[in-house]
Amino acid sequence: RTPLNAILGYTHMLLNNVTGQVTDPQRKSLTRIDSNSRHLLALINDILDITRIEAGRMPLNATSFGVGELFDEVLAELEPIIKRSNLVVTTKVRGQVPTVRSDRQKVKQIVLNLLSNALKFTPAGSVTMTASYDAKNRQVAIAVKDTGVGIPAEDQVKVFEDFRQLDSSPARGYGGTGLGLSICRRLANILGGTIELESNAGAGSTFTLRLPAKARKR
């Protein structure tokens, strides 16, 4: 990651004319360097995450937090993407959802990824994030529902595989590393939870993260 961060740093300096004015063709090339470097950095970070999880070296830091506050933070972080998408993005907290005790950063990482995917694969319509509580099983459910391209039944298991992108689906050409959902499922597992998928081709998708309201001690 260190050399990539250096490339990004120098590219940012050039784009901001720190070392002198750049021409439009140069700016175009620098913007491509910046974009591809960020994509490669994301891939490296994803691979490092998988390596840590598989090696049992992904530490858990349990804290207490409210799901509503987490939703607000995720929306704020993705605000530029949401504005560009022109989608209707809403959040709902159904009933009384208790304070969650889990690894907040990892839960946020999962929700960020699910919402990012929903925005990416929804050309028009809406995306809804919903939180609810299953008192019987003492689980909090966070669902991200979109009206996007959807996933055929025969491909729904594949989306959680490493480096998997569904070239045969309507989602072809959207890009990505093919590691996001794989990491989400691994993170959910170490948090004692699961991720479920309901989808139909052309009719949107719903990814649901189910977590214990209180993380189990490892």
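This is a predicted model: local features need pLDDT of at least 70, side-chain atom pairs count only at pLDDT 80 or more; totals for chains, interfaces and linings use all residues.
**Helix packing and the nonpolar core**

Helices here are DSSP runs of H or I with at least four residues, strands are runs of E with at least two, and both are numbered from the N terminus. Residues are numbered from 1 along each chain as its sequence is written, and side-chain values use heavy atoms, with hydrogens and water left out.

Let me stay with α5 and α6. Their axes come within 10 Å and cross at roughly 150 degrees. Axes are lines fitted to C-alpha atoms, for helices over the stretch in contact, and angles run from 0 to 180 degrees between N-to-C directions. The angle makes α5 roughly antiparallel to α6; angles under 35 degrees count as roughly parallel, over 145 as roughly antiparallel, 65 to 115 as roughly perpendicular and the rest as oblique. On the α5 side, the residues that meet α6 are Lys106, Gln109, Ile110, Asn113, Leu114 and Asn117. Their counterparts in α6 are Gly180, Leu181, Ile183, Cys184, Leu187, Ala188 and Ile190, where contact means heavy atoms within 4.5 Å. This contact divides into 8 nonpolar, 4 polar and 1 charged residues. In that scheme Ala, Val, Leu, Ile, Met, Phe, Trp, Tyr, Cys and Pro count as nonpolar, Asp, Glu, Lys and Arg as charged, and the others, Gly among them, as polar.

How many residues of α6 are buried? The count is 9 of 11, and α6 is mostly covered; buried means under 20% relative accessible area, exposed over 50%, and partly exposed in between, with a 1.4 Å probe and protein chains only. The buried residues include Ser182 and Arg186, and what covers the buried residues of α6 includes α2, α5, β6 and β7. After α6 comes glycine 192, with a positive phi near 85 degrees.

The axes of α2 and α6 are 10 Å apart, and the helices pack at an angle of about 30 degrees. That angle makes α2 roughly parallel to α6. The crossing of α2 past α6 is left-handed. Here α2 contributes Asp46, Asp49, Ile50, Ile53 and Glu54, and α6 contributes Ser182, Ile183, Arg186, Leu187 and Ile190. By class, the contact of α2 with α6 has 5 nonpolar, 1 polar and 4 charged residues.

Turning to the other neighbour of α5, the axes of α3 and α5 come within 10 Å and cross at roughly 50 degrees. That crossing angle makes α3 oblique to α5, and the crossing of α3 and α5 is right-handed. From α3, Glu69, Leu70, Glu73, Val74, Leu75 and Glu77 meet Arg104, Val107, Lys108, Val111, Leu112 and Leu115 of α5. The residues of this contact divide into 7 nonpolar, no polar and 5 charged.

I now come to the core. In soluble globular proteins, nonpolar side chains tend to be buried together. The largest nonpolar core in this model has 43 residues; such a core is a set of buried Ala, Val, Leu, Ile, Met, Phe, Trp, Tyr and Cys residues joined through side-chain atoms within 4.5 Å. Val107, Ile110, Leu115, Ile142, Ile195, Phe207 and Leu209 touch the most other members. Among the elements giving two or more residues are α2 (24-54), α3 (67-77), α5 (104-120), α6 (180-190) and β5 (139-146). The largest share, 8 residues, comes from α5. Isoleucine 142 touches Val67, Phe71, Val107, Val111, Thr130, Phe207, Thr208 and Leu209, not counting residues up to four places away in sequence.

Leucine 197, in strand β6, is buried, with a relative accessible area of 17%. Not counting residues up to four places away in sequence, leucine 197 touches residues including Ile151, Gln156 and Phe207. Glutamine 156 lies in the loop between β5 and α6 and is buried, with a relative accessible area of 17%. Threonine 147 lies in the loop between β5 and α6, and is partly exposed, with a relative accessible area of 40%.

Notes
A crossing is left-handed if the near helix is turned anticlockwise from the far one by less than a right angle, and right-handed if clockwise.
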